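My notes follow in the order I made them.

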Amino acid sequence: MVGRKANLKVLVSKLWEVGVSIVKTTEFVQGETCRWGLAWSFLPLTKKLLTSHVTEKRNLSFMLEGIQRQFSAIHVLKSVESHFLASGASCKLNPSLFAVDVTPSTAYCDSILKNGVRNFDKTSSGQLLPKLSDGTNLMDELSFRITVFQQIPGTLLLKGSLQHSGSQLTGAFALMVQQLENALKKEVCRGT
């Protein structure tokens, strides 16, 4: 927390000099009193998404707010299925449960692990996913379910759940859910 705005500029400059990868500031105002918050990280942005608290999660969720009128929960569910089918995943749509079971392709998992959220290339070579001691692919552990829940009109909750506990690929799962969230917000929400 910084009490003088002039100090904020100096501190931000010093942080960039010592090699931080990201700096964020915010302003707190209460009445006529202003204070500034300063946050920074030395972690690269793509690696920051795979921190231990994220990689241990089996269930991830996000809200879609401000959904355009023409999109219902079933439309969003079908968009989820289309999103993963486009990446080569196998999907099983269950409209009665408002759920899609997804098993991503090895190429998609490799791309996610190599490049983070962006730059999926179906022709990527050089698999990053090792074989397990029994000869099966580690990617076989990474199957998950995306469920859509209607909240209030114009708002949906989407929940992703890994089907296998103890999967070693929960970081890739977190990146896939984040990529899905970004794609859906662009497609179905107003003003994004």
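Entry 1: I began with β6 and β7 (residues 155-162), which pair in the antiparallel sense over 7 bridges. Strands, like helices, are DSSP runs numbered from the N terminus (strands E, at least two residues; helices H or I, at least four). Two strands count as paired if DSSP finds at least two bridges between them. Val148 has Leu158 of β7 as its bridge partner. The hairpin of β6 and β7 has 4 residues between the strands, and Gly154 there takes a positive phi near 85 degrees.

**Source note.** This is a predicted model: local features need pLDDT of at least 70 and side-chain atom pairs count only at pLDDT 80 or more, while totals for chains, interfaces and linings use all residues. Residues are numbered from 1 along each chain as its sequence is written, and side-chain values use heavy atoms, with hydrogens and water left out.

**Entry 2: the sheet.** Next I checked the other side of β6 (residues 144-150). β5 (residues 99-103) is joined to β6 by 4 bridges, antiparallel. Val100 stands opposite Ile146. I then traced the whole open sheet: 5 strands, in the order β3-β7-β6-β5-β4, with antiparallel pairing. Which strands stand at the edges? They are β3 and β4 (90-94); each has a single partner strand, so one side of each lacks a neighbour in the sheet. Neighbouring strands are turned by 20 degrees against each other on average, direction ignored. Axes here are lines fitted to C-alpha atoms, for helices over the stretch in contact; angles run from 0 to 180 degrees between N-to-C directions.

**Entry 3: the helices.** α4 packs on the sheet and touches β3, β4, β5, β6 and β7, its direction making about 160 degrees with that of β6. Contact means heavy atoms within 4.5 Å. α6 lies across β3, β6 and β7, at about 10 degrees to β3.

Entry 4: Phe144 touches, among others, Phe84, Val100, Phe173 and Met176.

**Entry 5: Leu60.** I ended in β3, where Leu60 is found. Buried or exposed? Leu60 is buried, at a relative accessible area of 14%. The cut-offs are under 20% for buried and over 50% for exposed, partly exposed in between (1.4 Å probe, protein chains only). Lys159 is 99 residues from Leu60 in sequence, yet 5.8 Å away in space, C-alpha to C-alpha.

Conventions
Lists of a residue's contacts leave out its neighbours within four places in sequence.
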